[in-house]
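Student: I have a structure open and want to talk it through. Can we start with the overall picture?
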2 protein chains.
Amino acid sequence: MKAAIVGGGVIGGGWAARFLLNGWDVSVFDPDPEAQRRIGEVIANARRSLPALYDRALPDEGRLTFHADLAEAVRGAGWVQESTPERLELKHDVLASLSSLAPEKAVIGSSTSGFKPSDLNAGGARAIVAHPFNPVYLLPLVELVGAREETERAAGILRSLGMFPLIVRKEIDAHIADRLLEAVWRESLWLVRDGIATTEEIDEAIRMGFGLRWAQMGLFETYRIAGGEAGMKHFLSQFGPALKWPWTKLTNVPEFDDALVELVAGQSDAQSGQLSVRVLERLRDDNLVGMLRALKKSGSGAGGVLNRHEALLRRPETDGLPVTADRQIPQGWTDYNGHMNEACYLEASAAASDRFMEMIGADADYIAGGKSYFTVENHLRYLKELHAGERLTITTQVLKAEGRKMHLFHFLKGGDGSLAATAETLLFHVDLTTRRSCPPAPAIAARLTALAEAHAALPVPEGAGRHVGQRG
Amino acid sequence: MKAAIVGGGVIGGGWAARFLLNGWDVSVFDPDPEAQRRIGEVIANARRSLPALYDRALPDEGRLTFHADLAEAVRGAGWVQESTPERLELKHDVLASLSSLAPEKAVIGSSTSGFKPSDLNAGGARAIVAHPFNPVYLLPLVELVGAREETERAAGILRSLGMFPLIVRKEIDAHIADRLLEAVWRESLWLVRDGIATTEEIDEAIRMGFGLRWAQMGLFETYRIAGGEAGMKHFLSQFGPALKWPWTKLTNVPEFDDALVELVAGQSDAQSGQLSVRVLERLRDDNLVGMLRALKKSGSGAGGVLNRHEALLRRPETDGLPVTADRQIPQGWTDYNGHMNEACYLEASAAASDRFMEMIGADADYIAGGKSYFTVENHLRYLKELHAGERLTITTQVLKAEGRKMHLFHFLKGGDGSLAATAETLLFHVDLTTRRSCPPAPAIAARLTALAEAHAALPVPEGAGRHVGQRG
């Protein structure tokens with residue numbers, strides 16, 4: 001299978017990457033001498049991120065070629081995608097050429113943000129709108145507008161690339177998503193111009209709040225939940241009047257009559273009516289927790305707020321042994337067996353090892369100084385099922401501390417205080433530059449030795465030194 | 001510390017949960033007999049989700065009380081939050097009462113979506129706007145509008161609750177976020193009324209595309225990236241003209257002159273200028289991958305698209321031993337040591353065990369029928385560092401299969417094909433109803449035994465039967 005990409009900017013490059021990484025050969029036509037470099041950079045970004053979405057390998061990459069001749073570029077292509085600048089005369093010419101040069105069966109898609117198929121094809125072309133969203137290699141949405149048979153054929157191909165084709169019922173300037181974006185853009189420019197908010201404040205107003213809702217549910221399903229048990233009609237009766245209020249500078253509004261209420265509420269029932277508001281709430285919350293925990297890793301947006309708050313939360317008191325974890329088990333740690341997944345026991349234990357490192361002074365500053373600990377071996381025993389929402393605490397015993405070696409034993413306890421698992425772990429102190437083991441700084445060694453000596457009086461925990469499947 | 005919540009709907013309940021789970025005592029005033037039940041349900045939702053955001057425990061919960069007397073409810077409160085229906089006369093009365101009854105030092109916040117402080121306080125109250133977003137216990141944003149000293153004091157308290165206070169520079173109807181929401185709402189109602197799209201199609205247009213961008217970066221930083229190397233001015237020159245085009249029915253637009261371009265581009269430089277577009281792109285992509293992987297767990301929105309696509313991806317060919325994983329290591333699997341985190345080796349190995357189960361017939365249907373395998377013990381050796389973007393393959397050898405027991409050994413190989421880790425795992429076949437071990441179905445047992453017999457001829461892998469810290 002071969003895709004021809006006409007126009008090699010950020011959008012064309014994204015299309016090239018999406019096809020290429022799904023096993024299609026890709027030929028590019030763009031007279032700009034910079035196109036090859038630009039597309040190469042987009043594909044490099046795609047290679048590090050698109051395959052990371054999946055727990056299986058994508059097909060082997062297709063072959064990427066660049067062509068100075070349009071006819072050659074589109075020869076044998078099953079999909080031809082035009083992503084030239086948003087100028088109608090230019091698109092007329094390009095799409096007309098493509099329509100005559102491309103194989104009869106090829107889909108001819110235009111990435112246009114705003115033009116309708118009837119605009120695009122006024123020069124005799126047979127293109128459909130196939131409007132993607134940046135980054136094209138990660139975001140699934142493609143708006144398809146055009147003849148039904150053509151858009152349905154295109155939809156099948158897009159699905160095979162992991163995309164989400166949305167066939168638009170009637171052609172309209174800017175399709176669907178860009179109409180919403182344009183409305184927000186216009187309102188935002190007013191806010192900036194009038195000195196109400198800066199660009200940064202507007203971004204915060206989005207990503208700290210409704211942006212997180214929209215990423216998983218969109219507008220109407222979110223509002224359905226806000227209507228609570230009384231549903232969408234209740235929400236409409238509450239916020240309908242706002243259409244007459246000066247809540248935006250954009251004031252051309254549809255008549256808020258019974259017909260509109262019936263239409264919106266009826267469509268919302270068809271969309272989400274099979275799920276109760278309680279179920280929707282929990283789905284929303286689980287999604288928010290999952291996305292917010294993902295954002296904690298980069299510290300972006302709401303993830304940064306969480307990291308700052310978490311740093312202020314009090315550490316548990318040492319209770320005989322050092323308490324190295326005290327937390328609640330998130331919903332996302334549960335698997336198909338309805339209990340905490342085996343890997344999450346280790347995720348919690350690894351965080352407990354990090355906390356133990358902090359306690360002996362091997363903290364973020366120490367690591368930034370170029371020294372750290374690497375785990376070389378782990379042994380876990382699963383004694384009791386743990387569940388989402390349950391409190392999980394971990395205490396840690398030092399089994400041995402000798403030169404570069406640190407041998408720890410974590411006791412994982414569930415909400416009822418009983419032992420749910422043990423994790424035995426061996427770490428080596430390393431130099432992060434050479435990636436080889438080396439002795440820890442004297443202050444670290446001293447604190448570790450003091451704990452090891454204090455714990456030497458304790459009995460060796462049951463299960464320590466055990467191999468997998470050992471009897472008794 | 002005590003917070004008084006006046007009005008116990010979804011928003012009041014969310015405020016109550018946010019304070020309570022951060023260790024504040026909470027008193028509620030709402031004459032509606034349903035309020036206690038409704039607030040209880042919101043708090044139940046909050047208990048399963050808010051603490052799951054953190055890797056540490058939140059403070060002990062405060063005490064929740066309900067009061068029929070307003071004066072009693074607000075006595076000794078440091079924060080009083082009004083969340084009554086959006087009727088100005090009602091808010092005048094309530095806020096005036098609260099201003100006279102509450103302690104002088106208490107913040108008096110109103111959850112109003114649209115009214116300005118000068119509207120709210122026309123009846124003699126001293127309230128500020130503290131406008132949160134549903135669900136209040138998870139979303140960080142609170143828009144603060146009012147006297148600077150009051151809003152700054154309120155901001156400090158909100159930060160201690162893990163929220164993100166956004167102080168609005170000038171009062172305006174609907175503050176900031178709801179102006180953007182109202183613009184989208186109006187445009188969406190047009191689209192529904194004109195038959196361009198259904199409510200569901202509009203939700204898909206959001207959550208499959210720009211919603212995912214906005215959740216982490218907002219509007220302007222996203223567009224800065226879209227401008228590419230040429231930056232925000234390039235983006236503005238490209239999309240400025242659209243302000244004159246019929247891309248929305250909302251047509252009152254600011255003059256797109258040089259002053260507006262300078263203002264927007266200058267603010268965007270101040271906001272994100274320290275990061276190159278390349279760095280921003282990678283941050284955006286890592287966030288998208290993290291959030292999308294989180295959505296795969298529930299199958300919501302774009303997560304569902306990924307699951308459907310993944311199911312179509314070809315499984316690797318068996319290569320001597322069964323190949324139980326073939327995937328790319330995501331960025332989010334990397335830790336502070338700059339390599340794959342120890343727990344992710346087990347996450348990959350656990351998925352390999354799942355795949356092995358599928359191969360012998362213990363697949364999703366079998367599990368739905370009430371039988372499965374539980375892991376009881378794991379041993380991991382870390383032999384080589386693995387990195388984000390690297391290919392990871394796993395092959396699996398059966399060490400033993402006897403009755404309920406399945407003893408497996410996973411070989412984890414990195415991109416260069418060399419052994420990076422081993423994972424030895426012991427699983428028991430279980431009845432999911434009794435949660436006790438039991439023999440597998442005959443077909444499963446037969447397939448497992450056949451593999452075990454074929455593998456019996458192989459040498460016992462190096463490291464099998466090893467305990468942590470064993471010499472040699």
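Tutor: This is a predicted model. In chain A, 60% of the 472 residues are buried.

Student: How many helices and strands in chain A?
Tutor: Chain A has 16 helices and 14 strands. Its radius of gyration is 29 Å, well over the 23 Å that the globule rule gives for 472 residues, so chain A is more spread out than a compact globule. Along the principal axes, its C-alpha atoms fill a box of roughly 90 × 60 × 50 Å.

Student: What share of the contacts in chain A with a separation of 6 or more is between residues 24 or more positions apart?
Tutor: That share is 65%.

Student: Switching topic. How many disulfides over all chains?
Tutor: Zero, from a search of the whole structure.

Student: On to α2 of chain B. Which residues there are buried?
Tutor: Among them are B:A35, B:I39, B:V42 and B:I43.

Student: What covers them?
Tutor: The cover for the buried residues of α2(B) includes α12 and β9 of chain A, together with α1, β2 and β3 of chain B.

Student: What span should that helix have?
Tutor: At 1.5 Å a residue, its 15 residues should span 21 Å, and the end C-alpha atoms are 21 Å apart, which agrees.

Definitions and conventions. Residues are numbered from 1 along each chain as its sequence is written. Chains are lettered from A and ligands numbered from 1 in the order in which they are written. This is a predicted model: local features need pLDDT of at least 70, side-chain atom pairs count only at pLDDT 80 or more; totals for chains, interfaces and linings use all residues. Side-chain values use heavy atoms; hydrogens and water are left out. Helices (H or I, at least four residues) and strands (E, at least two) are DSSP runs, numbered from the N terminus. The expected span of a helix is 1.5 Å times one less than its number of residues. Buried means under 20% relative accessible area, exposed over 50%, partly exposed in between (1.4 Å probe, protein chains only). Contact means heavy atoms within 4.5 Å. A disulfide is a pair of cysteine sulfur atoms within 2.5 Å. The radius of gyration is taken over C-alpha atoms; the globule rule is 2.2 Å times the number of residues to the power 0.38.
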